[in-house]
Amino acid sequence: MKGRVLLGITAAALVAVMCVGFSGCGRVNAESVRGEKVTEEQWNSALEYFTEDNAVYTFSFIEQETVEAYAKIFGEELSGKATGIVTVKAIKNGATEYLKRDEKCQVDNDCKKILEAMNMEYEEYDRTNETYSSYRDGKYTIYRQDNDGKWGTYIASSSIMPNLTSLVQGTYNEYEYSEDLRGYAPKNRDQYAPYYILKFNSEGRLSAIYSNSKSTKLLDRYEYKASSILNLVVEYQAKNFNLPTVE
């Protein structure tokens with residue numbers, strides 16, 4: 001069975017419903033955000049807000065995964081690099097929602113040779129997708145484009161907004177505030193496994209999520225290094241937008 005590379009992005013629950021590049025969101029820097037300490041009541045209220053039907057917020061999400069591969073094969077020494085970038089702009093303005101996702105993956109020639117020799121699957125792509133939805137009477141009307149660019153709709157039972165709380169790895173008591181990390185990190189975090197730093201603003205609302213993970217694998221003649229950086233910032237405002245016209 002073949003392995004798989006890019007995008008194996010750390011925020012797997014989010015990537016399941018979205019993926020992208022730096023277009024659309026601008027520069028997102030969650031690492032520099034200094035989070036405030038919050039109570040357990042504020043923590044729970046901040047996370048529950050994202051489940052409310054009438055919530056109003058916008059979040060920008062950028063995650064970049066980089067793979068560096070080295071090998072002594074085919075009678076030569078090879079080194080290569082693959083980069084995947086995921087960017088998302090998501091807007092919830094009460095009953096209407098908008099989600100733009102772009103995804104881009106580039107693999108250089110030497111990296112292609114190495115990954116193929118390692119029996120690793122990869123894919124190069126550069127694509128953009130936009131989705132709208134409106135909520136009424138317990139159901140969502142989802143707006144999507146077909147291959148010809150025409151808008152159509154279908155009815156769904158769930159929102160198109162990615163679930164930010166899927167990145168929360170435990171309860172309030174399983175986190176601790178870190179001055180160095182400028183936010184809350186899991187108490188029992190593993191330095192070799194990805195974990196997410198949650199940051200709350202002075203009003204006790206979730207304002208940013210940050211993660212920076214690295215790993216190295218040595219496989220006989222191969223060395224495989226991967227790193228992933230997640231930047232996600234939240235604003236509690238949303239611009240008005242029109243739903244697409246269905247032909």
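Is Glu77 buried or exposed? In this predicted model, Glu77 is exposed, and its relative accessible area is 63%. The label follows because exposed means over 50% relative accessible area.

Glu77 has a charged partner. Glu77 and Lys72 form a salt bridge. Their closest N and O atoms lie 3.9 Å apart. Lys72 also counts as exposed, with a relative accessibility of 56%.

Arg136 and Asp137 are both exposed.

Another salt bridge brings together the side chains of Lys225 and Glu223. Here the distance from N to O is 3.7 Å. How exposed are these two partners? Lys225 is partly exposed, at 34% relative accessibility. Glu223 is partly exposed as well, with a relative accessible area of 26%. Both values fall in the partly exposed class because buried means under 20% and exposed means over 50%.

Salt bridges can also share partners. Which residues are joined into one network in this way? The network consists of Glu103, Glu123 and Arg127. Shared partners connect the salt bridges of these residues.

Key
Residues numbered from 1 in each chain as written. Predicted model: local features only at pLDDT ≥ 70, side-chain atom pairs only at ≥ 80, totals over all residues. Heavy atoms only, no water. Salt bridge = Lys/Arg side-chain N within 4 Å of Asp/Glu carboxyl O. Buried < 20%, exposed > 50% of the residue type's maximum accessible area, 1.4 Å probe, protein only.
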